[in-house]
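Dear colleague,

I am handing over the structure we talked about, and you will find it directly below.

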Amino acid sequence: MTYREDVEGIDASILMHPKVWQASGHVENFTDPMIDCKQCKSRYRLDVLGDQINEKKKKKAVDTLKENNPGLVSKIDELLSGPDENENFENLLTDDETGNKLLAELNCPQCGNKGTFTSARKFNLMFKTFIGPVEDSGSVVYLRPETAQGIFVNFLNVQSASRQKLPFGIAQIGKAFRNEINTKNFLFRTREFEQMEMQFFVKPADDKKWFDYWKGERINWYKSLGMDGEKLRFHDHAENKLAHYAKEATDIEYLFPFGWGEMEGIHNRTNFDLSKHEEYSGKSLKFFDEEAKEKYLPFIIESSAGASRSFMAFLLDAYYEEEVKGEKRSVLKFHPKLAPIKAAILPLVNKDGMPEIAREIEKDLRRNFKVFYDDKGAVGRRYRRQDEIGTPYSITVDTQTLEDKTVTVRDRDSMEQVRVSTDQLSAYLAKKLMD
Ligand code: ATP
C-alpha cells in the first residue's frame, strides 16, 4: 500500500452500526447451509460435505440417486457437467430438487450411518454481541465478518481527506470474525482471522480494465514473494455462483496439501455497496468528478485476501528438507521480505571480546531490522536453528573480526559465506533485503 500513491490506508472499527450489516446484505445473506447427523450429532456445512466423502462413495450415491429418480437424470447430468468435480457434487447437494434426495444416500463421515442427515438450515456466520447493559434486540451489534464494509462507509471521508481522484484505492488490514460451522486445517479456517483487503474505486465504464489489472497484480504479488507459480491458479466464478454483490469474480487459489484452496477473492462489486450504504444511511456517497463535472457512485474492484490463510500458504511453500553432510537440514526459504527475523548475530565463542563486538552490531542493526542475538551452543547448531525459522542471514563475529573488523555473513539458502566489513553491514543487509 505504501509503495503506491493511488492507495490510502485506514483502520476502521470492528463494531459498526448494525445497519451497516443490513445494508451490505450480511444480515440476510451471510449464511452457510448447515446439516446435522441425527445419529451422532455431528454438524457439517452442506456445500463442503463432499470434501469429506471419498470419490467411490460419492459415485455410488449419485448412481443410486439416478436409479431411484429416473425423471431427474437429465437434471443430475447437467448439474454434474462442470469442469470441477467438487463443485459439481456441491451443485447436486445444494439444489432444491436433488439435495435432500442425495443426502439420503450418503453416510455420515463421522459415524458412518446412512440417511441420518437433517435437511439443510441457513446459519448466519456473524457473531452477535450487545451494546450497553441491556441485552435486547435493540442493542445487537456484530463483530465485523470482513473489513471491507468499514472502507465503504468511510469512502468519502478518506477521499476528501487525502484529495484522491478516481481511480484510487483504500486498503485495510485487520481482524475479521466468522462463526464457522467447522474450523479446520490449521490457519485455513478459523473463527477469528486476519484479512487484508483493498477496495479500488473506478469510473463505472473502466470496471473491466481494472478488474483484469488487479487480477494480474495480485497473482504476481504472491509470485514476487517467492511462491511457486505451479501451485497458484485462478478459479473464475461461474455466473450462477456469483455473490449477491458481484458482477465478476475470481479466486486466487493455492495448492495446499489438502487440495486447492482460496487465498484471495477479486470481485467487481459494481456500485452495489455504495448505493446500499447511501440508501440505509440517507447520506450521499457520490464522488464529484471535476473533469466531467458530474456526480456519480464509482464502481469498486475488490481484492480481499486472508493474511493468516495466505501466510499459511507461504509457510508451506517455503518449507523444505535436504541432506547436508549426512544430516537433515530443515529450512524455511522465506522471501527476505517475509522472514520474521532478518538476521542473526552470533559470536563464535563467548570470550576474547567477541560478545562485546556482536552486541554492538546487534544494537546498531536493531534500529532498522528485526534481528536476533544467539550465543548458545555450537555455531553450526545456531545456523540450523535460524534455517528452521527462515532467517535469511547469519552474521558471525570470529577471530578475524578482532584483526580486521570484518564478519562472515552466511546466506541461508546457499549456505555460502562472505566477509563484510562491520561498518558496511547495515547497507549490505538493506540492499539484500530490498532486492
Ligand atoms: P471460504 O469460501 O473459504 O469460506 P470466503 O469466500 O467466504 O472463503 P471471503 O469472504 O472472500 O472468503 O474472504 C476473503 C478471504 O478471507 C478469503 O480468501 C480467505 O483468505 C480469508 N478467510 C475467509 N474466511 C476465513 C476463515 N474462516 N479463516 C481464515 N481465513 C478466512
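**Ligand site**

A polar side-chain atom of Arg-178 lies 2.9 Å from an oxygen atom of the ligand, a polar contact being a pair of N or O atoms within 3.5 Å. Please bear in mind that this is a predicted model, in which local features need pLDDT of at least 70 and side-chain atom pairs count only at pLDDT 80 or more, while totals for chains, interfaces and linings use all residues. Residues are numbered from 1 along each chain as its sequence is written, and side-chain values use heavy atoms, with hydrogens and water left out.

In the side chain of Glu-180, an N or O atom is 2.8 Å from a nitrogen atom of the ligand, and the side chain of Glu-262 places an N or O atom 2.7 Å from a ligand oxygen atom. Of the 590 Å² of accessible area that the ligand has on its own, the protein covers 85% (areas by the Shrake-Rupley method with a 1.4 Å probe).

There are 16 residues around the ligand, and Glu-180, Arg-189, Thr-190, Glu-262 and Met-263 come nearest; a residue is counted if one of its heavy atoms lies within 4 Å. The shell divides into 5 nonpolar, 4 polar and 7 charged residues, where Asp, Glu, Lys and Arg count as charged, Ala, Val, Leu, Ile, Met, Phe, Trp, Tyr, Cys and Pro as nonpolar, and the others, Gly among them, as polar. Strands S8, S11 and S14 (299-306) each supply at least two residues of this shell; strands here are DSSP runs of E with at least two residues, and helices are runs of H or I with at least four, numbered from the N terminus.

**Strands around S10**

Strand S10 (residues 248-256) has 7 of its 9 residues buried, meaning under 20% relative accessible area, whereas exposed means over 50% and partly exposed lies in between (1.4 Å probe, protein chains only). S10 pairs in the antiparallel sense with S11 (residues 259-270) over 9 bridges, pairing requiring at least two DSSP bridges, and a hairpin of 2 residues joins S10 to S11. S9 (residues 232-236) also pairs with S10 in the antiparallel sense, over 5 bridges.

**Backbone points to check**

The peptide bond from Leu-166 to Pro-167 is cis, with omega near -5°, and Pro-167 lies in the loop between helix H8 (155-162) and strand S7 (168-177). Phe-186, which is not a glycine, has a positive phi near 60°, and this residue counts as exposed because its relative accessibility is 58%.

Best regards

Key
A polar contact is a pair of N or O atoms within 3.5 Å; within protein, one must be able to donate a hydrogen and the other to accept it, and residues adjacent in sequence count only if both atoms are side-chain atoms.
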